[in-house]
Amino acid sequence: MAKVHCLNPIAACGTDLFTSNYEMTDDFAAAEAVLVRSASMHELELSSNLLAIARAGAGVNNIPLEDAAKKGIVVFNTPGANANGVKELVVAGLMLASRDLMGGYNWVKENASDPDIAKAVEKQKKNYAGNEISGKKLGVIGLGAIGAKVANIAFRLGMEVYGYDPYVSIDAAWSLSRHIKHIKDLNEIFKECDYITVHVPALKDTIGMINKESIAMMKDGVKILNFARDTLINDDDMVEALNSGKVACYVTDFPNPKVAGVDKVVTLPHLGASTAESEDNCAIMAVKEIMDFIENGNIKNSVNYPAVDAGVCETGGRVCICHKNIPNMITKFTGVFGDKGNNVENMVSKSRGDFAYTIIDTKDTPRDESIAAIKEIDGVVKVRVI
Ligand SMILES: NC(=O)c1ccc[n+]([C@@H]2O[C@H](COP(=O)([O-])OP(=O)(O)OC[C@H]3O[C@@H](n4cnc5c(N)ncnc54)[C@H](O)[C@@H]3O)[C@@H](O)[C@H]2O)c1
C-alpha cells in the first residue's frame, strides 16, 4: 500500500480518487508520495523512500527540484489545470478595458444615497460609455494552455484574432480554432491589433517585451492585458504611454507601486487562477499523475525528469530506473537482464538535462539478482519494480 502525505490541504475531489491501494499518512518521512500546494519544502529532509512529489499548481519554486532529482524523486506539477479560470478572467479583462465598468460602479456607489439617483444616471452614463469588442482585432502573444483558450473564446465573441507563438506545442496547435490568424512576425501584432494580451512565461526573451519600442509600433488607443507575469511589461514605459494616451487602458493581474492606482490602469490582485474549479482541477491532475507513476511508472508533467509513458505493463514485470544522463546506461541495463536470463520485451528511455528515466518490461518477473546488479551500476539513482 502506497503512503501519501499532504503538506497542504488538497481538494477532496482529488484525494478521493486514491483507491484502497493508497493510505494517507500524517508522517512526511514515511510517505512514498507527497502532495503540496505552496508549502516550502526547501528545509525538509527528503527521505529515501519518497518516490514522487506532486505540486497542485504550476509554480514549483517551493520545491528543491535538483535535490529531488539527485535522490530519484520525480516532481510533478499541473500545467493548464487553471487555464480555464485564467481565460474567463481575461474575458472580464476585455470588458474592463472596453466599458468603464469601474468608473460607473464607483459613481453609483458614491451616489447611492441620492434619492434621485435613477434620474441622475441618465445624465451621467455618457461619462462611462465604451466600445464593443466584436469586430476588433485581438493579438494573443503565447498560445499555450491559456493563450489558446483565450484566442478561441475571443473569436467566438466576434473578435478577429491574431495568434503568435514560435514554440507552440502540438497539443495547443490542435486545440486552436482554424479561424485564428497564425502570425509569424510579432511586430504584425503590435502594428495591427486593437487589443493585445500576453500569455507567455517570463523568460530572457519575453521579459520587458511590452516596452517603449513595441508600444511605439502600436495603434493609438491600444488596450493591453497582462494576466501572465508582471515583468513582461516595462512599467515606466507603460505609464508614459498611458499618460500620453497612446495606450488607452492597461488591465493587469499584477499590481505594483508603479501601476497600482494609475489612471486608466485596472489592477486585480492576482485573481487569474483563484477559482474553486481551478483548485479542484489541480488536485485531480496531481493525484492522477501520482497514481499513474506509482502504479505504472509513467511520468507525465514532471519538472525534473523526462516525460516517459509505457502504458500499462502487460508482461511479467516492469523495472523503472531513475539514472544519470551519461553514456552507455541502456547497454548496461540490457546487459544485466540478458546475463541473468530476463528477456526484455519493451523498453522506453528518455533524458532531460542531467537525468534520465528508463522503463523496462521483462518477459518474466525480474530476478532479484538482476535488480541488485542494476542498482550497482554507476549513475543509477533509484530502481523500482512494479
Ligand atoms: N494570472 C494568473 O493567476 C496565472 C495563472 C496561471 C498562469 N499564469 C501565467 O500565464 C502564463 C501562461 O501560462 P500557460 O499555462 O498558458 O503556459 P503554457 O506553458 O501552456 O504556455 C506558454 C506559451 O508561451 C509560449 N512562448 C514562450 N516563449 C514565447 C515567446 N517568446 N513568444 C511567444 N510565445 C512564447 C510557449 O511556446 C507556450 O506555448 C505563464 O506565465 C503563467 O505563469 C498566470
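**Exercise 1.** Determine how α12 and α13 are oriented to each other.

*Solution.* Helices α12 and α13 are roughly antiparallel to each other, a label for angles over 145 degrees. The model is predicted, with local features requiring pLDDT of at least 70 and side-chain atom pairs pLDDT 80 or more, whereas totals for chains, interfaces and linings use all residues. Residues are numbered from 1 along each chain as its sequence is written, and side-chain values use heavy atoms, without hydrogens and water.

Step 1. Helix α12 (residues 329-339) packs on helix α13 (residues 368-376) at about 155 degrees, and their axes are 9 Å apart. Helices are DSSP runs of H or I with at least four residues; axes are fitted to C-alpha atoms over the stretch in contact, and angles run from 0 to 180 degrees between N-to-C directions.

Step 2. Phe333, Val336 and Phe337 of α12 meet Ser370, Ala373 and Ile374 of α13, where contact means heavy atoms within 4.5 Å.

**Exercise 2.** Determine how α3 and α6 are oriented to each other.

*Solution.* Step 1. The axes of α3 (residues 83-98) and α6 (residues 145-156) come within 9 Å and cross at roughly 45 degrees.

Step 1. The two helices are therefore oblique, the class left after under 35 (roughly parallel), over 145 (roughly antiparallel) and 65 to 115 degrees (roughly perpendicular).

Step 2. On the α6 side, the residues that meet α3 include Ala145 and Ile146.
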